[in-house]
Amino acid sequence: MIKVSDLSFSYNSVDEALKHVNLEISKGSWVSVLGHNGSGKSTLSKLLVGLLSPSSGEIYIDGMKLDEEHIVEIRKKIGIVFQNPDNQFVGVTVRHDIAFGLENQCIPHDQMVDKINHYSTLVGMEEFLNKEPHQLSGGQKQRVAIAGALAMEQDIMILDEATSMLDPEGTQEIINLIKVLNKNLDKTIITITHDLSFAAQSDYLIVLKDGEVILTGTPKEVFNQEELLKSSNLELPFEISLYNEIAKDKTIDSKVLEALWAYNSKM
Amino acid sequence: MNNITIGQFIPGNSWLHRLDPRIKILSLVVLLVGTFLIPISVNAIPLITMSLIFVGIMILTASSGIPMRKVLNGLRPIVFLLTFTFFIQLFYVKTGTLVTAPIVMYISLTSIIGIILWLLFYNWSKKYVKTRILYFFFTAFMVFFIQAMLPYVGFTSYTLSIYDEGLIRAGFIFIRITNVIIMTSLLTFTTMTTDLNYGIESLLKPLKIIKVPVDVIAMMLSLTLRYIPTLLGETEKIMKAQASRGVDFKESKFKDKVVQIISLLIPVFVISFKRAEDLGNAMEVRGYIIGAKRTRIDEYHIGFVDIFSLIVAFVILGLIIYSKVMI
Amino acid sequence: MGIQFKDVSFAYKGLKVNYDAIRHINLKIKDKGEFIAIVGQTGSGKSTLVQHMNALLLPSSGNVVVFGQNLPPKKKEKINYLRQKVGLVFQFPEYQLFEETILKDIMFGPKNFKSTEAEAMVMAKKAASIVGIDESLYEQSPFRISGGQMRRVAIAGILAMEPEILVLDEPTRGLDPKGRNDLMGIFRELHEKENKTIILISHDMDLVSEYAKRVIVLKDGNLVFDGTKEALFEHKEFDSFHLDLPTPLKILRHLEKEIGIPYQPKYDFDSLLSYLKEVAHE
C-alpha cells in the first residue's frame with residue numbers, strides 16, 4: 001500500500017531529519033511509528049501526505065508516485081489527523097468542520113448531508129453537530145477531526161501524535177475509535193506516537209532514532225529489544241517490562257505470562 | 001466550559017429569523033440609504049416619513065420576538081453621541097419661534113458644586129437603575145436644570161433660547177440615529193454569524209469581476225469568527241500565567257506596564273503564528289485549494305417572503321426619492 | 001503558615017446560571033515537607049482549586065488563608081506578593097515565554113517582585129541549573145529550542161522567584177517518557193533537598209503513586225478524599241471517584257481475576273516481581 005524507498009529529508013542543508021529510510025506498509029494493517037521527540041517521525045508523516053518534498057528518495061502510495069503531478073490524486077487516498085485539536089478545526093461548527101473536506105471535493109449537497117450524519121455517528125459525535133469548537137473537549141475535537149478524515153473516504157489514515165495533548169479519558173476515546181476503524185472499516189492506519197502502551201496494540205511497529213529506522217516487527221518482536229529501545233529514549237511500558245522479566249525468569253508459573261499477555265491486548 | 005457566543009445572535013423562529021441573509025443585508029442597506037436620504041428639515045413630509053420608519057421598525061422588532069429591552073440596549077454605546085447631538089441642535093438652531101422665554105443659565109459656585117454633586121450621585125446610583133439610557137438623558141437634563149436654578153455666587157451666565165425648529169430638528173436627528181442603530185441591531189440579533197458571512201460573501205460576488213478574491217475573504221472571515229472564542233480563552237490563560245509571575249496591572253508603574261503588555265502580546269502572537277502554519281497544513285491536506293470551486297453544506301432558498309420584503313424595501317426607498325425630487 | 005481553605009466555594013458567573021466549580025472545601029497544607037497530588041476527573045474543579053492558592057481566584061464564599069493573608073482581602077490590601085510565595089505553573093507553561101533571551105525570560109518573575117537586575121540574574125541562573133538548562137543557552141531565543149526545553153525554561157521562570165510552595169498543573173502533559181521522568185526527578189530533588197512543599201495536579205496515576213505522599217481527590221467540586229495513596233487505593237468507595245488504578249495494582253487485580261493470584265497491593269516493579277515469584281512458582 002505504501003512503499004518508501006531511500007527517503008531522505010533535511011529542513012536546512014545541514015542536518016538530515018530523515019536518512020535513507022526504507023519501509024513498506026501493507027494494506028489494511030495498523031502500523032505504529034515510534035520514536036523520541038526529534039527522531040523524524042513527524043517529518044515522515046508530513047512527507048507521506050505531500051506537505052514536504054523529499055530531498056531524495058521516493059514515496060509510492062497505492063502504486064502511484066507521490067509528486068506534484070499526482071498530489072491531488074494522492075490526497076484522495078491518504079488523510080491525516082494532527083496533534084493539536086484546535087489547530088485543525090476549520091469549521092464554525094462540528095457540521096461545518098466535517099463538511100470542509102467534502103466541500104473541497106465538490107461533493108453534492110445531499111451526499112454531504114448523508115456522509116456527515118454517517119461519520120459523525122461512527123465517531124459518536126452525532127449529537128454535537130451544531131456545537132462550536134470552544135464548547136468541546138480535546139477528545140471530542142479529535143473525534144471530529146477523525147470523522148472529517150473518514151468522510152473523505154481515503155484508504156489510509158495517519159494519526160500524528162493525535163492523543164499527545166489529550167487527557168487519559170480523551171486518549172482512551174481515540175484508542176477505542178482506532179480499534180473500531182481498523183477492524184470494521186478495513187482502513188490502513190498509521191499512528192505516530194511515543195507511547196508504547198498505545199503502540200503495543202497495533203499490528204506492526206517501526207522504530208525511528210535520529211532519522212533512521214532501527215527496528216521493525218510485531219510488537220512482541222520489537223519489545224524484546226529492550227536495550228535498543230532504551231537507547232532511543234523509549235521506555236517500555238511497565239507491563240511489558242514485567243512480561244519480559246518474567247519470561248526470562250523460569251521460576252514463575254507460565255500461566256502468569258499468558259495472563260499478562262492477555263492484559264496487554266485488553267488495553 | 002465557555003459561555004461565549006460569537007456575535008449577538010438570539011435564536012428564534014420569527015419570519016425575520018427565517019429571511020434569507022442576502023435579502024436581509026440588501027434590504028438593510030436599501031433602508032439605511034433611504035433613511036439618510038430624508039433631508040433634515042422641519043417640514044411635514046420628512047418628519048412624517050422618519051416617524052413612519054420609526055413605527056415600522058418598532059413593528060419589525062415586535063414581530064421578530066427579540067425583547068425590546070435588548071434592542072434598546074443596543075443604543076448604549078452611542079448614548080453620549082445621541083445626547084450631545086440632541087442638545088447641540090436644541091440650543092444652536094435660532095430659527096422659527098421661541099418655545100419659551102429665553103432661559104438664563106448660571107455658571108456659579110453653587111451651580112458648579114450642584115453639578116459635581118449630582119454627577120457623583122449619578123455615578124453611585126446608576127447601578128441600581130434598570131433603564132440606564134433614560135437615566136443618562138435625565139442626568140444630562142439635570143445638568144442644565146441645575147445651571148438654570150442656582151445663580152448664587154455667580155461667575156458668569158449665558159442664555160439658552162429654545163426655538164421650535166431646534167426642538168424639531170433635535171428630535172429628528174435623535175430618531176434618525178435611533179432608527180439606524182436599531183435596524184442594524186435587528187440584523188445581527190436575527191442572523192447567525194455563519195449566515196451573515198454567507199450573505200456578505202454572496203453580495204460581494206460581483207466584485208469578482210474586478211478580480212477581488214471574494215472567496216478568500218469569506219474564508220478568512222469565517223476562520224476569524226471561528227477562532228475568536230478560542231483566542232479569548234487562550235489570552236485569559238496567558239494573563240493568568242503571567243499574573244502568576246508577578247504581572248499586576250493595578251500595582252505597577254508605567255514603565256513596567258509596557259513590558260507586561262508585551263508579555264501578553266508576544267505569546268498570543270506566537271500561538272497564532274503556529275496556528276496559522278498548522279491550519280494551513282491541515283487545510284491543504286484536506287484538499288483546500290485557494291480560489292478553486294467548492295460546494296457548500298449550508299443551503300439557502302429565496303422564497304416569496306424574501307422577494308416581497310426586498311420589494312417593500314425598494315418601494316420605500318423609491319417613495320423617499322420621489323418625495324425628495326417632488327419637493 | 002501554609003495554606004488553609006475554610007469552607008471555600010467558588011462559582012463561575014455564566015450567562016444565565018452560575019456554575020459551581022468547587023464547593024465547601026476544607027483543607028490544610030503545610031508550608032514545608034508536603035508532596036501532594038490533586039486528582040479527579042476533568043471538570044472536577046482541580047484547576048479552580050489551585051488558582052485559589054496564589055490568589056488568582058478569590059472565593060465566592062468561605063475564606064482561604066495563604067501565609068497568613070486572608071482571602072478575599074479587605075479593600076485596598078495588596079495581594080500580588082502572594083504569587084511569589086506560592087509559585088503556580090500552568091499546563092503547557094511554554095506558552096508563557098516571551099522575552100528575547102532565555103535568561104531574560106527566567107529573570108522576568110524575580111524582577112516583578114522587586115529584585116534588582118543583578119539579584120534576578122543570580123536567581124535565574126540558579127533556577128536554570130536546577131532544571132538543566134545549560135549556560136550556552138542563556139543568550140538564545142526561547143523560541144529556538146525544543147518543546148521539552150521550552151517547558152523547562154518556563155518552569156525555571158517560576159522557580160527563580162524562589163516560591164515557598166510550588167504548585168504545578170499537569171507538568172508532564174505532552175512529554176515523552178524520558179521527558180516525564182527527567183522533570184519529575186527535578187521536583188523530587190527540590191522536595192528532598194529543600195523540603196519544599198510540592199502540589200501537583202495529575203491524571204497519571206502511576207506518577208501519583210510513585211511521587212505523592214498525600215492525595216486529594218475532587219469529584220464534582222467536592223473534596224471526597226484526603227489521605228495517603230495506600231488508603232486511597234484501598235478505599236471502599238474508590239470506584240465512585242472515577243479514577244484509574246496505578247499499573248502495578250491494575251495488573252494485580254487482573255491476575256487475581258484471571259488466574260486467582262490473591263490481590264496484595266504492591267506499588268513498584270521489584271516488589272511486584274518478588275511477590276509473583278513467591279506466590280506463583282512453577
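1. Among contacts in chain B between residues at least 6 apart in sequence, what percentage join residues at least 24 apart? The value is 90%, and it belongs to a model that is predicted, which should be kept in mind for everything that follows. As for the confidence of chain B, its mean pLDDT is 85, with 97% of its residues at 70 or more. Within chain B, helix α2 (residues 21–37) has the highest confidence, at a mean of 92, whereas strand β2 (residues 154–160) has the lowest, at 79.

2. Chain B is built from 12 helices and 2 strands, and, read from the N terminus, its elements follow the order α-α-α-α-α-β-α-α-β-α-α-α-α-α. Its radius of gyration is 26 Å, well over the 20 Å that the globule rule gives for 327 residues, so chain B is more spread out than a compact globule. The C-alpha trace of this chain spans about 80 × 65 × 35 Å along its principal axes, and 19% of the 327 residues of chain B count as buried.

3. Chain A contains 11 helices and 10 strands. The radius of gyration of chain A is 19 Å, which is close to the 18 Å given by the globule rule for 267 residues, so this chain is as compact as a globular protein of that length. Taken along the principal axes, the box filled by the C-alpha atoms of chain A is roughly 65 × 45 × 30 Å. In chain A, 54% of the 267 residues count as buried, and, of the contacts with a separation of 6 or more, 64% are between residues 24 or more positions apart.

4. If residues up to four places away in sequence are not counted, Ile158(A) touches Ser45(A), Leu48(A), Val49(A), Ile78(A), Ile80(A), Ile190(A) and Ile192(A).

5. Where chains A and C meet, 27 residues of chain A are in contact with 25 residues of chain C. On the side of chain A that touches chain C, at least two residues come from each of α6 (168–185), α10 (238–248) and α11 (254–266) of chain A, and α10(A) gives the most, with 6 residues. By residue type, that side of chain A divides into 11 nonpolar, 9 polar and 7 charged residues.

6. In chain C, a reader may wish to follow how strand β4 (residues 61–66) pairs with two other strands, β1(C) and β5(C). With strand β1 (residues 3–13) of chain C, the pairing is antiparallel and runs over 5 bridges, and here Phe5(C) has Val64(C) in β4(C) as its bridge partner. With strand β5 (residues 69–71) of chain C, β4(C) also pairs in the antiparallel sense, over 3 bridges, and Val66(C) stands opposite Gln69(C) in β5(C). The hairpin of β4(C) and β5(C) has 2 residues between the strands, and in this hairpin Phe67(C) takes a positive phi near 45°.

How values were computed. Residues numbered from 1 in each chain as written. Chains lettered and ligands numbered in written order. Predicted model: local features only at pLDDT ≥ 70, side-chain atom pairs only at ≥ 80, totals over all residues. Contact = placed C-beta atoms within 7 Å. Helix = DSSP H or I, 4+ residues; strand = E, 2+ residues; numbered from the N terminus. Nonpolar A, V, L, I, M, F, W, Y, C, P; charged D, E, K, R; others polar. Rg over C-alpha atoms; globule rule 2.2 N^0.38 Å. Buried ≥ 20, exposed ≤ 12 C-beta atoms within 10 Å, placed from the backbone. pLDDT = per-residue confidence, 0-100. Pairing = 2+ DSSP bridges.
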